[in-house]
Amino acid sequence: MALAGGGIWLNEKYQKNGYGTEAFSSRNKYCFEVLGLRRIENGYFRGNEKSRRMQLKLGYRDEGIRRKKFLCLATNEYVDECITGLLKEEFIEWSDKIE
Ligand SMILES: CC(C)(COP(=O)(O)OP(=O)(O)OC[C@H]1O[C@@H](n2cnc3c(N)ncnc32)[C@H](O)[C@@H]1OP(=O)(O)O)[C@@H](O)C(=O)NCCC(=O)NCCS
């Protein structure tokens, strides 16, 4: 197995201060360096640019789209899920670049 997924949600008043990037980055580190996972799966609703940018910045790659996968409770409409993933070797490459 050795793979996992998950999400993140910050209170609106704390968004756009770098906290999401910091938290997600710590999670990646924990998953690969402590838990020894080989892959993390994630995603974002199509159009959620802040989540997309945060993930791509941390080395995640777009892997595909699940059409109308979720009912968005905010809009009551079905939305596409953009699937992302980060492999352990990509995380190591990313870590080497920022050190
Ligand atoms: C998505 C989320 C976790 C990002 O955390 P954050 O602390 O707000 O974001 P950061 O400050 O770390 O910024 C991450 C990137 O998103 C960009 N960004 C932030 N808000 C943005 C916005 N409204 N529109 C476009 N880009 C945005 C930032 O500029 C940054 O990219 P950059 O470094 O290239 O400039 C947070 O906004 C959140 O919880 N949102 C609501 C719930 C949600 O969408 N969760 C994700 C579900 S997959």
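A residue is near a molecule or strand if its C-beta atom, placed from the backbone, lies within 6 Å of it. Keep that cut-off in mind for the first stop.

This is a predicted model, in which local features need pLDDT of at least 70 and side-chain atom pairs count only at pLDDT 80 or more, while totals for chains, interfaces and linings use all residues. Residues are numbered from 1 along each chain as its sequence is written.

**Stop 1: the ligand**

Select the ligand and the residues around it. There are 19 of them, and Leu10, Gln15, Gly20, Thr21 and Lys50 come nearest. By type, the shell divides into 6 nonpolar, 8 polar and 5 charged residues. Here Ala, Val, Leu, Ile, Met, Phe, Trp, Tyr, Cys and Pro count as nonpolar, Asp, Glu, Lys and Arg as charged, and the others, Gly among them, as polar.

Next, colour by helix and strand. These are DSSP runs numbered from the N terminus, with at least four residues (H or I) for a helix and at least two (E) for a strand. Which helix gives the most to the shell around the ligand? It is α2, with 6 residues. Both α1 and α2 (49-57) supply at least two residues each.

**Stop 2: the sheet**

Select the strands. Four of them, in the order β1-β2-β4-β3, form an open sheet with mixed pairing. Because β1 (3-5) and β3 (61-72) stand at the edges with a single partner strand each, one side of each is left without a neighbour in the sheet. From one strand to the next the twist averages 25°. Two strands pair if DSSP finds at least two bridges between them.

Now follow β4 (residues 77-87). With β3 it runs antiparallel, and 8 bridges join the two. Along this pair, Leu71 has Tyr78 in β4 as its bridge partner, and Arg61 has Gly85. β2 and β4 also run antiparallel, joined by 7 bridges. On that side Ile40 stands opposite Leu86 in β4.

**Stop 3: the turn and two phi angles**

Select Asn76, which is in the loop between β3 and β4. The two strands form a hairpin with 4 residues between them. Most residues other than glycine have a negative phi. Phi of Asn76, however, is near 60°. Asn76 counts as exposed because 7 other C-beta atoms lie within 10 Å; the limit for exposed is 12 or fewer, for buried 20 or more, and partly exposed lies in between, with C-beta atoms placed from the backbone.

Then select Lys68 in strand β3. Its phi is also positive, near 45°. Is Lys68 buried or exposed? Lys68 is exposed, because it has 12 C-beta neighbours inside 10 Å.

**Stop 4**

Select Phe24, Cys31, Phe32, Ile40, Met54, Leu58, Tyr60, Leu86 and Phe91, the 9 residues of the largest nonpolar core. A nonpolar core is a set of buried Ala, Val, Leu, Ile, Met, Phe, Trp, Tyr and Cys residues joined through C-beta atoms within 7 Å. Helix α1 (residues 19-34) contributes the largest share of this core, 3 residues.

Centre on Leu86. Not counting residues up to four places away in sequence, Leu86 touches Asn28, Ile40, Gly59, Tyr60 and Phe91; contact means C-beta atoms, placed from the backbone, within 7 Å.

Finish with helix α3 (residues 88-98), which lies across β2 (39-45) and β4 and runs at about 70° to β4. Axes are lines fitted to C-alpha atoms, for helices over the stretch in contact, and angles run from 0 to 180 degrees between N-to-C directions.

Methods
Contact = placed C-beta atoms within 7 Å.
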